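Here is a quick tour of a protein model for someone meeting it for the first time. Have a look at the sequence and the fold, then read on.

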Amino acid sequence: MSFAIVVVPAAPLRKKPSHKKEITNQLLFGEIMRVMKQKKNWSLIQSVHDFYRGWIRNNLIRQIDENLAAPSSFLAASLVNTIEINGEKMQIPFAANLPQFKNNKGCIAKVDYIFNGYAVNRNLSQPLAGEIKELAMQWLNAPYLWGGRTIFGVDCSGFTQVIFKMLGFDLLRDAKQQITQGMKVKSLKQARCGDLAFFKKKGKIVHVGILLSHQQIIHASGKVRIDSIDEKGIIHAETGVRTHLLAAIKRYW
């Protein structure tokens, strides 16, 4: 088994090895994967941080040695960040990894880069209510995109995953997986900012969002938005229509 790393801003992960097939996820610059199998110009991979599998185009990744396969603790902290690599500029997204990073410089797949932006060490993050809210609010009005994990398109669990990544906690990829992590909160009244609320349809977990309080939630539904929430679920702020049925609340710190 070999390891590889993403060398573009965001690389689509597909259900099958074809550009015509469904995009199920995105891997961000510097994120690491195990290469399970190769087929022509594609690789079947499993991401190291959340074990998610899919097919990725080979020109978007580079092979790395196993001793470099541990994810970096340094992350790009602005919604869009500039690096210089191979004498060219590249824009990388929020929560992109910064491999072998020190003093605004690093190395990815044996190529040096310069980082021109604000970086954080996720291992030193303090998941306080104010910080969680500040990070999440930056994403307001980002469009919904199935499989997306950037400000230019994000789905509900991609949104929660990248916010939690910045705060030092690795969530699994899908809502139905994320609900298996953390500690159960008994009721909405006991919830606090930063808890995740999960929602069901026909008995299955289909949606997740970040609670800002026991009355408001920020989530990716059509776009990243703030809506009201009660013990039954989400109420659309503009229409007053109930859109999602509450299934559970989980806490991760």
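## The pocket

Which helices and strands each supply at least two residues of the lining of the largest pocket? They are α2 (156-166), α3 (175-178) and β18 (204-211). Those labels come from DSSP runs numbered from the N terminus, with helices being H or I runs of at least four residues and strands being E runs of at least two.

Before going further, a word on the ground rules: this is a predicted model, where local features need pLDDT of at least 70 and side-chain atom pairs count only at pLDDT 80 or more, while totals for chains, interfaces and linings use all residues. Residues are numbered from 1 along each chain as its sequence is written, and side-chain values use heavy atoms, with hydrogens and water left out.

Back to the pocket: the largest one has a volume of about 300 Å³. Its lining is made of 15 residues, and W146, S157, D174, A175 and V206 are the closest to its centre. A pocket here is an open set of points on a 1 Å grid over the protein atoms alone, where a 1.4 Å probe fits, with protein on both sides within 12 Å along at least five of seven lines; a lining residue has an atom within 4 Å of a point. Grid points are joined across faces, edges and corners, and the volume is the space filled by probe spheres set on the points.

What is the lining made of, in terms of nonpolar, polar and charged residues? There are seven nonpolar, three polar and five charged ones. Ala, Val, Leu, Ile, Met, Phe, Trp, Tyr, Cys and Pro go in the nonpolar group, Asp, Glu, Lys and Arg are charged, and the others, Gly among them, are polar.

S157, one of the residues closest to the pocket centre, lies in helix α2. Is S157 buried or exposed? S157 counts as buried because its relative accessibility is 4%; buried means under 20% relative accessible area, exposed over 50%, and partly exposed in between, using a 1.4 Å probe and protein chains only. Leaving aside residues up to four places away in sequence, S157 touches R173, D174, A175, Q178 and V208, where contact means heavy atoms within 4.5 Å.

R173 is found in the loop between α2 and α3. With 0% relative accessibility, R173 is buried too. The side chains of R173 and S157 make a polar contact of 2.9 Å, and another polar contact, of 3.1 Å, joins R173 to the side chain of D155. A polar contact is a pair of N or O atoms within 3.5 Å; within protein, one must be able to donate a hydrogen and the other to accept it, and residues adjacent in sequence count only if both atoms are side-chain atoms. Again not counting residues up to four places away, the residues that R173 touches include T24, D50, Y52, G147 and Q161.

## A run of hairpins

Strands β19 (residues 216-221) and β20 (residues 223-230) pair antiparallel over six bridges; two strands pair if DSSP finds at least two bridges between them. A220 has V224 as its bridge partner in β20. One residue sits between these two strands of the hairpin, and G222 in the turn has a positive phi of about 80 degrees.

Next comes β21 (residues 233-235), joined antiparallel to β20 by three bridges. Two residues link this hairpin, and D230 is partnered with G233.

## Around β22

β21 runs antiparallel to β22, with three bridges between them, and I234 stands opposite H244. Their hairpin has six residues between the strands, and G240 takes a positive phi near 75 degrees.

Strand β16 (residues 183-185) pairs with β22 (residues 242-251) in the antiparallel sense over three bridges, with M183 opposite R251. Five bridges join β17 (residues 196-201) to β22, also antiparallel, and K200 has L245 as its bridge partner.

Most residues other than glycine have a negative phi. F51 has a positive one, near 65 degrees, and lies in the loop between β5 (42-47) and β6 (53-57). At 48% relative accessibility, F51 counts as partly exposed.

N104 also has a positive phi near 65 degrees. Its place is in the loop between β10 (88-93) and β11 (105-108), and with 39% relative accessibility N104 counts as partly exposed.
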